Amino acid sequence: MSVSSSHSAASRILKISIVGFGPFAQFLSKTMIRQGHILRAVSRTDYSNLSAEMGITFFRDVDAFLEAEDDVILICTSILSLSEVLQSLPLHRLKRPTLFVDVLSVKEHPRNVLLQVLPEESDVLCTHPMFGSDSGKDGWKDLNFMYEKVRIRDEDICSSFLQIFESEGCKMLEMSCEEHDKMAARSQFITHVIGRTLSEMEIQSTSIDTKGFETLVHLLENIELAFNKVKQKLVEKMNEEQNLNDAKHR
């Protein structure tokens with residue numbers, strides 16, 4: 001792992017197309033728009049009104065979306081839908097080599113999918129902005145941004161994209177996807193153990209709580225919320241796949 005503080009290429013205005021315009025993509029877009037970059041988006045949900053308010057062009061036609069000759073295509077799908085979404089894109093519509101960037105919280109899986117699905121001439125940058133709308137609401141200074149240059153030929157565009165985050169003060173961490181996932185697995189294991197322990201203790205807030213105890217209660221609530229969200233997404237995905245299987249056998 002290395003910590004980067006500068007890039008050789010000067011920042012430039014990028015044309016960035018976003019696949020999957022959910023809350024996290026919207027959060028990142030606000031800063032990109034403020035920096036002057038030109039954004040387009042496509043998503044299963046119709047965000048055309050919100051996009052218009054933000055100054056972003058929203059596409060309903062995926063063919064036209066990919067023919068826009070962008071510098072960067074930013075993948076902001078869920079982990080579960082990544083492979084399906086990428087394979088559904090008419091990538092033959094791309095008019096020139098393009099940098100594909102993902103921002104998923106795990107790294108080996110998207111790296112492998114991107115290398116498998118994308119054209120050989122496409123550049124691949126795997127990243128993990130290790131913050132969200134809560135931790136980054138007052139700016140991104142000193143917040144971690146992990147990245148790996150998986151397959152990069154156009155260093156200028158790659159550096160300009162990384163500059164989006166470096167210019168906001170992010171701590172730039174260059175490491176392999178494998179190293180990232182090993183570190184993440186260890187921290188998630190610790191979080192899970194602590195969360196399960198606190199849950200079994202059935203701790204509750206009282207009127208005489210110390211600040212330290214309040215922090216533990218808040219941690220437990222956040223862990224339970226995260227687990228419930230993941231569980232709900234898995235259930236929705238399983239139901240979706242079951243419906244597709246049922247439809248095939250009718």
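Of the 250 residues of the chain, 43% count as buried, where buried means under 20% relative accessible area, exposed over 50% and partly exposed in between (1.4 Å probe, protein chains only). This is a predicted model, in which local features need pLDDT of at least 70, side-chain atom pairs count only at pLDDT 80 or more, and totals for chains, interfaces and linings use all residues. Residues are numbered from 1 along each chain as its sequence is written, and side-chain values use heavy atoms, with hydrogens and water left out. The chain has eight helices and nine strands; these are DSSP runs numbered from the N terminus, helices being H or I of at least four residues and strands E of at least two. Residues 24 or more positions apart account for 70% of the contacts in the chain with a separation of 6 or more, a contact being heavy atoms within 4.5 Å.

**Nonpolar cores**

- The largest nonpolar core has 35 residues, and Ile 16, Phe 161 and Phe 165 have the most contacts inside it; such a core is a set of buried Ala, Val, Leu, Ile, Met, Phe, Trp, Tyr and Cys residues joined through side-chain atoms within 4.5 Å.
- At least two residues of this core come from each of strands S2 (15-19), S3 (38-42), S5 (72-75), S6 (99-102) and S8 (144-151), and from each of helices H1 (23-34) and H6 (155-166).
- Helix H6 gives the most to this core, with six residues.
- A second, separate core of 21 residues includes Val 19, Leu 91, Leu 104 and Cys 177.

**Phe 165 and Trp 140**

- Leaving aside neighbours within four places in sequence, Phe 165 is in contact with Leu 28, Met 32, Pro 129, Phe 131, Trp 140, Phe 145, Cys 170 and Met 172.
- Trp 140 sits in the loop between S7 and S8, and at 2% relative accessibility Trp 140 is buried.
- With neighbours within four places in sequence again set aside, the contacts of Trp 140 include Phe 27, Leu 28, Thr 31, Phe 131, Ile 164 and Phe 165.
- Glu 168 is also in contact with Trp 140; the two are 28 residues apart in sequence and 5.7 Å apart in space, C-alpha to C-alpha.

- Four of the five residues of S3 are buried.
- S2 and S3 run parallel and are joined by five bridges, with Ser 17 having Arg 40 in S3 as its bridge partner; two strands pair if DSSP finds at least two bridges between them.
- The chain crosses from S2 through H1 to S3 in a right-handed β-α-β crossover, where right-handed means that, with the strands pointing away from the viewer, the path from the first strand over the helix to the second runs clockwise.
- S3 also pairs with strand S4 (residues 57-59) in the parallel sense, over three bridges, and the bridge partner of Val 42 in S4 is Phe 59.
- S3, helix H2 (residues 48-54) and S4 make a right-handed β-α-β unit.

**Strand S6 and its neighbours**

- Leu 99 and Val 101 point one way from S6, Phe 100 and Asp 102 point the other way, and all are buried.
- S5 and S6 run parallel and are joined by four bridges; the bridge partner of Leu 74 in S6 is Val 101.
- The path from S5 to S6 passes through helix H4 (residues 82-88), and this β-α-β crossover is right-handed.
- S6 and strand S7 (residues 123-129) pair in the parallel sense over four bridges, with Val 101 opposite Leu 125 in S7.
- S6, H5 and S7 form a right-handed β-α-β unit.
- Phe 100, in strand S6, has 0% relative accessibility.
- Beyond neighbours within four places in sequence, Phe 100 is in contact with residues including Ile 73, Ile 75, Leu 91, Leu 94, Leu 118 and Val 124.

**Helix H5**

- In helix H5 (residues 108-117), Pro 110, Arg 111, Val 113 and Leu 114 are buried.
- Seen down the axis of H5, the buried residues fall within an arc of 170°, so they line one face of the helix; the arc is that of the directions from the helix axis to the C-beta atoms.

**Cysteines**

- A search of the whole structure finds zero disulfides, a disulfide being a pair of cysteine sulfur atoms within 2.5 Å.
- The sulfur of Cys 177 is 4.1 Å from the closest cysteine sulfur, in Cys 126, too far for a bond.
- Cys 177 is buried at 0% relative accessibility, and Cys 158 is buried with a relative accessible area of 0%.
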